[in-house]
Structures are given as C-alpha cells and as structure tokens.
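Biologist: Hi! I have this one open for the first time. Could you walk me through it?

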Amino acid sequence: MRDNFLRKNLVTALLLAPATLWLVVFLVLPFIAIAVFSVGERAPEGGYQAAFTLAQYANLPARATAFWNTMVLAPAGALACLLVAYPVAYYLALRAPERWRLILLALVVIPFWTSLLMRTYAWMYVLGGRGIPALLAYVGIEDIRLINTPGAVLLGIVYGYLPLMILPIYVSLERLDRRLLEASADLGATPVSTFLGVTLRLSLPGVMTGFSLVMILLLGEYLIPTLLGGGKVFFIGNALVDLFLQSRNWPFGSAIAITLVLVSVVVLIAANRISTRLSGARRVDLM
Amino acid sequence: MSKSYRDGLPTSPEKFVDQLMRLKRGSIGRREFLGLTGLGVATAVMARELGIMPTPAYAAENLGDRMSIATWPNYHDPATFENFKKDTGVAVEVNVFGSNEEMLAKLQAGASGWSLFVPTNYTISTYKKLAIIEALDMAKLPNFDGSQEDPRFTSEGTIDAVTYAVPKNWGTTGFAVNTKKLTTPMTSWKEFWDTAMAEGDGRAMVHDYQLTTIGNALKYHGFSFNSLKPDELAKAEELLLKVKPHLFAVSSDYQPSMRAGDAWMTMCWTNDGAQLHRDIPEIAYVLGKEGGEIWTDFYAIPKDAPNKPAGYALLNYLMNPQVAVKEHLANGAPSTDARVNKLLPKEVLDNPILYPAADLLTPLEFGAAATLTDPGRAELMARFKSA
C-alpha cells in the first residue's frame, strides 16, 4: 500500500516537474529580480544601482496619469469587447445551424493566428489618409481624419481582443441546458425575462472569464494606443517601455511593474468573487 | 536618380517586415522608417558603375565566420555586407535600433553580442565613462584618414587624445512641411510651434524623443537646445503642454503619415527630409533659424565584442572611400570625409537639404551628453506624453 502511494506521488512529481521548472525559471526568478530592482536606485548613467529604499514606490504618483488612463481603458475596452462579443457568441452557441458552427468558430479564431502587431499595423493603413478617408473623399465626404483618434484606439482594441471574449462566452452558452429555457417559457416568462433570468445569468461565468482575460491583457497594452492613437495617450505599458528603454530608470520601472502585477491580481480576485456571487454558489475558475 | 515602380510606394515588403520586427521589440524611435524608398535601387546602379576596391588589411588575422552590427534602419547599402562576406567569409548580422537610449540600455544590460555599432556623437562620452567601448587600435584601421575628416563633425569620437569612435556621417534635425497644405512659408521653430496650434491644428507631429522634442521647444524661447536649467525647461514644458492637444501624433515614425497626407508638418531628420522631398516635391525641409540639432553618427566597438577582429575588419572596410560613397548614396546622409565628398555626384553635394547653407548651420548645436542621462528631461518627456 505504502509503496503504491509513494510511487503515485513520484509519478505526480515527475509529471509536474517541467511545468514547475518553467514557472520558477521564467516567472518566479524574474519576479524576484524585479522586486529586488524595485527597491534599488537609478545609477547616474541609468540602469540599476544596489540600494534599499522605498523611494521608487513613493514616486509612483509621478505616473498617476498613466495608471489612471490604464484603469479607464482596461474596463472600457473590455466592456466594448463584451458588447460586441456577446451577440456573436449567442448566435454561435444557440442559433447557428449545427453544421455551420465549427466553420463559424474557425472564422472567429483564424485571424488570431496572425500577430496582433501585424493586424494593428494593417489598421494604420486602413484608417490612414490613403485608406477609408480616401474612399470617403471619393464619394464627396472630405477631410475626415480617423487615425490617431480615441475611436481608432477603441476599434483596435475591440478588433484585437474579440476572440478572447467570444470563446469563453460561447463555451458557457453552449453548455446551457436548453430544457431550462423551455421550462422558463412554460412557466410564462417572456423571451426577454428568460434571457435575463436564465441565459444571461448562466453565461455569467463565461462573461466574467472573458472580461478578466481581456482586461488583464489591456492593463499591459501599449501597442494599440501607440500605433492607432498616435502616441498621444500614455498608458502604464508605455510608461514601462520608456522607463526601461529610454530613460533607463530600471528601479522605477520595476516598482511600476510590481504595482501593475498586484493590481492585476486584485482585479482577478474581485472578478472571481463577483462571478461566484452572481452565478450562485458555482465556483468559477478564471485562469 | 533612377525611378522604378517601387519609388512611389509608402514602403517596400522588406522594409515593412523590417519595421515590424523593430516595432515588435517595443520601440518606435529615432531613425524609424528612415530610407523608405528608392535609394536602394539607385545604389545598386552606382555599385555596378564604381566597383569595389577595398584595402585587404585583414588578411593576416582569423576573422571567424560571423559577426553582428547594431545600427539604424535603412542606414547601409546591403551590398556592402554582401561584398564584405565575399572578401572575408564573415557573414554580418544587422540589428536595427530605434534610439540611442535603447542601444545604451542593451549594452548596459550586457552580452549584446555586437562587434560594431553606430552611436550618435553625444553618447560616446557616456559609453567611455561606463567603460563599455574599446579604445580603437588605429593601426588596424589603415583606411581611416583623420586628416581628411572635418573636425567639426568628428571631435567627439576622441576623448583625451584617445579615439573611441570614427565618424560615419552627419546630419541635422529640422522640420518637414507640406507646403500645399500649409502655404505660409516658415523659417523658424517659433513658427513651427505656433502653426501647430493654428493652421496646422491636428496635423503636426513631434518626435517621441526627449532630445529633439524638448530641445526644439527650448528653441521657441531662444534657449539652448541642450538646456538643463529648471526654469528654461519649465518654459519648454509649458509650451509642450499647450501644444499637446493640437498634435496629430507624438512619434518618430513620421514618413508614412507625411506621405499619406494625414500629417502636414513634422520634426524631421536630414535623411527623411531628403527622401520625402525627393518623392513628394511639395514637402520642404526647413532648418529653424534659431538653431536646433546637428549630429554625427560614429562607428564604435563594444569592449565585450565577441568578434573584435571582424569588427575591426568591417570598420576598416567601411572607411574605404569607395565603399563609403555607396553607403552615403544609400542612406542619403552627408559625409564627414573629404575623400568621399570628392566621389559624390554633384547633385548630391548641391542638395541644400543634405548640405545646408553655412548661415543655417552656424546656430545648430550638437546634442550634449548630459541630456542622455538627465532624469529631469526624462520626467518632463513623461509628463508631456501623459498630459
């Protein structure tokens, strides 16, 4: 008996070893390095100089605008994604003919195979003066500027992150027990109240998963605002890039990175709590 | 200059991929999208006509079979590296960068793997202070002739009589204007900033680069381009914050927007100015009469270079005027070497964008080393960008 137990444990340990090693080398160790950097000082010529000070954390208000912009962009972007994604997921899961479903799902996923950078870069040309504005000018609507506007940034975000929102919602709707919908109708509920009381409520775990996924990625976003917003709006991701590569204030950059990680963790926990509460006692695994 | 179907395009497939790879690393900067069109074709024609006659000073040493260089986008004639490989067997891997700060960050982090790189004048003293660049062994560079170099452009490569870097080319930082859209002629930085808030509202671009954006805002008030004085920087900041809502973009990637007609005016480096004007004649290149930046790019060898013999061999090869002249035709920047200037075609030497009149050059300032590492300027730039 005991031997068997040990052997099982050994097998489990061996199976987990690669993943553990990966996490230690590429997540835990870098995180420790960043934590150590964050209590250091900027060397006179830039970079890191050993020290023990909380000055970098005290300096965080110097990037308050960047934090604020990010805290507005991330939920707003995720919400916009949700509003576009939900009807698509609903159609795919409950309305689309069975034989088309896989093809339609593939169409949602395929653009994701191309790098986000490529797709965002393509939007630069589509929205730029030789793209849509040129077409509009052709039909007589002159001097429309689309690129480097907040709308262009929002479009880029929705476009870029849509599949991440559609898929979890699709999965939760697909598992929906159709008999519940019939029961709701039999008991006299209108389609709207069936949707609100049954469909939406039971798909909330998927909604919250998609929402947190998109929101966490948006917390570190810098590419889309840079390329489609003209670099005029400064997010925490932009602040990090500048601090590491331009002004080379690595300790301050590290302190911001640590803060960003902590904020992401708080967001995850909060989202988890909310979705657990909203969908009754069912546990939801976000990650 | 030869014309082909590619000349009018905003970019070519290879350059597009090149740009993407740089953006992927997360930096959009200084020499981004530098030589967008055409010049490669012109260079290929010149290469056939001139031939190559390098001095074989590298025959004695074992050069290995590969080396790596860090430089700016579209800054070399690709044929140069191919010919170097033919002559020496050394394959050259080219890494392109967005800013001097980024190059410095990589060298500070260690193990860059470069055996040669292309820093700008004002960074060399910092590299020397941090002991990351090699004091050059001039005996290994017989093709370099210091007596033929214009000392105005080359002095910063030598510190305490020791040469750490030899010049590649020089240039200026002015602004490009689409004169069809902004018809009032402009000659000064004051007009640049004022126009950005008036006729050019929503159509002007400034660099995503502290040195030039803060420097040229300082020129609005007639202060030094390199000022670190808090009261002068405060005035520059006031101007920048006032202009910010009127800008089209804060980006050093200005060629596509200028070519597409989205932007009408932008801060601009010599090479970009020459290329924009060549392809779209109504885009003019203006040097602010108050002054601004003049710069020289150098070649230097990192102390931890993995293949120093090849680094020296390539540097010596590039110092050969016959090779250098093709480099200048490819990247469009003016040369510091009198031997090269003798070989350049007259229309290049007569181009006022590349070789401005003396009275426009006089007030220009070289970037100062202190701006590179000054936390005050870095924070000002962050406040401007986040405003």
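Modeller: Happy to; we can go through the chains, their contact, and then some details.

Modeller: This is a predicted model, in which local features need pLDDT of at least 70, side-chain atom pairs count only at pLDDT 80 or more, and totals for chains, interfaces and linings use all residues. Residues are numbered from 1 along each chain as its sequence is written, while chains are lettered from A and ligands numbered from 1 in the order in which they are written.

Biologist: Thanks! How many helices and strands does chain A have?

Modeller: Chain A comes to 12 helices and 2 strands. Here helices (H or I, at least four residues) and strands (E, at least two) are DSSP runs, numbered from the N terminus. Along the sequence the pattern is α-β-β-α-α-α-α-α-α-α-α-α-α-α.

Biologist: And what is the span of the C-alpha trace of chain A along its principal axes?

Modeller: That trace spans about 85 × 75 × 30 Å. The radius of gyration of chain A is 24 Å, whereas a compact globule of 287 residues would have one near 19 Å. That radius is taken over C-alpha atoms, and the globule rule is 2.2 Å times the number of residues to the power 0.38.

Biologist: Which residues of chain A carry the "transmembrane region" annotation?

Modeller: The unreviewed UniProt entry gives that annotation to residues 12-37, 72-93, 100-116, 153-173, 193-219 and 251-271 of chain A. UniProt positions are given in the numbering used here, feature names are shortened, and annotations may be inferred rather than shown by experiment. In the model, residues 251-271 of chain A are 100% helix and 0% strand, with the end C-alpha atoms 30 Å apart. Residues 100-116 of chain A are 65% helix and 0% strand, and there the end C-alpha atoms are 27 Å apart.

Biologist: OK, on to chain B. What is it built from, and what share counts as buried?

Modeller: Chain B has 18 helices and 12 strands, and 54% of its 387 residues count as buried. A residue is buried if 20 or more other C-beta atoms lie within 10 Å of its own, exposed if 12 or fewer, and partly exposed in between, with C-beta atoms placed from the backbone. For chain A, buried residues make up 34% of the 287 residues.

Biologist: How is chain B divided into domains?

Modeller: Domain 1 is 13-170 + 295-349 and domain 2 is 172-294 + 357-386; these bounds come from an automatic or database domain assignment. In chain B, 23 residues of domain 1 are in contact with 22 residues of domain 2. Being in contact is when the C-beta atoms of two residues, placed from the backbone, lie within 7 Å.

Biologist: Where do the two chains meet?

Modeller: 32 residues of chain B are in contact with 31 residues of chain A. On the chain B side, the elements giving two or more residues are α1 (13-24), α4 (100-109), α5 (124-129), β8 (247-250) and α18 (375-386). α18(B) gives the most, with 6 residues.

Biologist: Let's go inside. How many residues does the largest nonpolar core have?

Modeller: It has 152 residues, and those with the most contacts inside it are B:Ala176, B:Met265, B:Ala300 and B:Leu314. The largest share, 12 residues, comes from helix α3 (residues 64-95) of chain A. A nonpolar core is a set of buried Ala, Val, Leu, Ile, Met, Phe, Trp, Tyr and Cys residues joined through C-beta atoms within 7 Å.

Biologist: What about helix α12 of chain B, is it enclosed or open?

Modeller: Helix α12 (residues 308-318) of chain B is largely enclosed by the rest of the structure, because 10 of its 11 residues are buried. Among the buried ones are B:Tyr312, B:Leu314 and B:Tyr317. The buried residues of α12(B) pack against elements of chain B including β1 (66-71), α3 (78-88) and α13 (321-331).
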